[in-house]
Every structure is written in C-alpha cells, then in structure tokens.
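Good morning, colleagues. Please look at the sequence and the structure on the screen while I go through helices, contacts and charges.

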Amino acid sequence: MFEFDQYLGFLLFLTVLTIGFWLMFFLVAFVPYWLGGAIMELVKEKKAKKEKEQD
C-alpha cells in the first residue's frame, strides 16, 4: 500500500498542477485584455494631446 510520504507528495503534485493551471488561465485570458485596454487608452491620450496642440 501507499505510505504517508507518498500521499503528501501526491497532494503537493496536485496543488502545483492546480495552481499552474489557474495561473496559465489567468495569463492567457486576462493579461491580453488588460494590455489591449491600456494600449487603447494610450492611443486615445496621444490623439487627444495632438488635437489639443493643433487648436
């Protein structure tokens, strides 16, 4: 049968696997969304500044 150390190792493996899954989900789903929004706002600010300088 299994020993307690093997059980702890298995729990550690599942914990790392689960954290890695959610970290990758976060990085793939939310980070591009945030970057896209930040770039759009930067472009809007530059456009507004350019229009203000022309007036």
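Let me begin with a definition: a residue is buried under 20% relative accessible area, exposed over 50%, and partly exposed in between, using a 1.4 Å probe and protein chains only. The model is a predicted one, in which local features need pLDDT of at least 70 and side-chain atom pairs count only at pLDDT 80 or more, while totals for chains, interfaces and linings use all residues. Residues are numbered from 1 along each chain as its sequence is written, and side-chain values use heavy atoms, with hydrogens and water left out.

Helices here are DSSP runs of H or I with at least four residues, numbered from the N terminus. How many residues of helix 2 are buried? The count is zero among its 24 residues, and helix 2 is thus described as hardly covered. From first C-alpha to last, helix 2 reaches 35 Å, close to the 34 Å expected at 1.5 Å a residue; the expected span is 1.5 Å times one less than the number of residues.

I turn to the packing. Helix 1, residues 4-29, and helix 2, residues 31-54, pack at about 25 degrees with axes 4 Å apart. Axes are lines fitted to C-alpha atoms, for helices over the stretch in contact, and angles run from 0 to 180 degrees between N-to-C directions. The two helices are therefore roughly parallel, a term for angles under 35 degrees. On the side of helix 1, the contact (heavy atoms within 4.5 Å) is made by F26, L27, V28 and A29; helix 2 contributes V31, P32, Y33 and W34. Of these contact residues, eight are nonpolar, none polar and none charged, where Ala, Val, Leu, Ile, Met, Phe, Trp, Tyr, Cys and Pro count as nonpolar, Asp, Glu, Lys and Arg as charged, and the others, Gly among them, as polar. P32 itself is partly exposed, at 44% relative accessibility.

Next, the charges. A salt bridge requires a side-chain nitrogen of Lys or Arg within 4 Å of a carboxyl oxygen of Asp or Glu, and the count is one. K44 pairs with E41, their closest N and O atoms being 3.9 Å apart. Because they lie three residues apart in helix 2, about one helical turn separates K44 and E41. K44 is partly exposed at 49% relative accessible area, and E41 is partly exposed at 42%.

Definitions and conventions:
Parallel < 35°, antiparallel > 145°, perpendicular 65-115°, else oblique.
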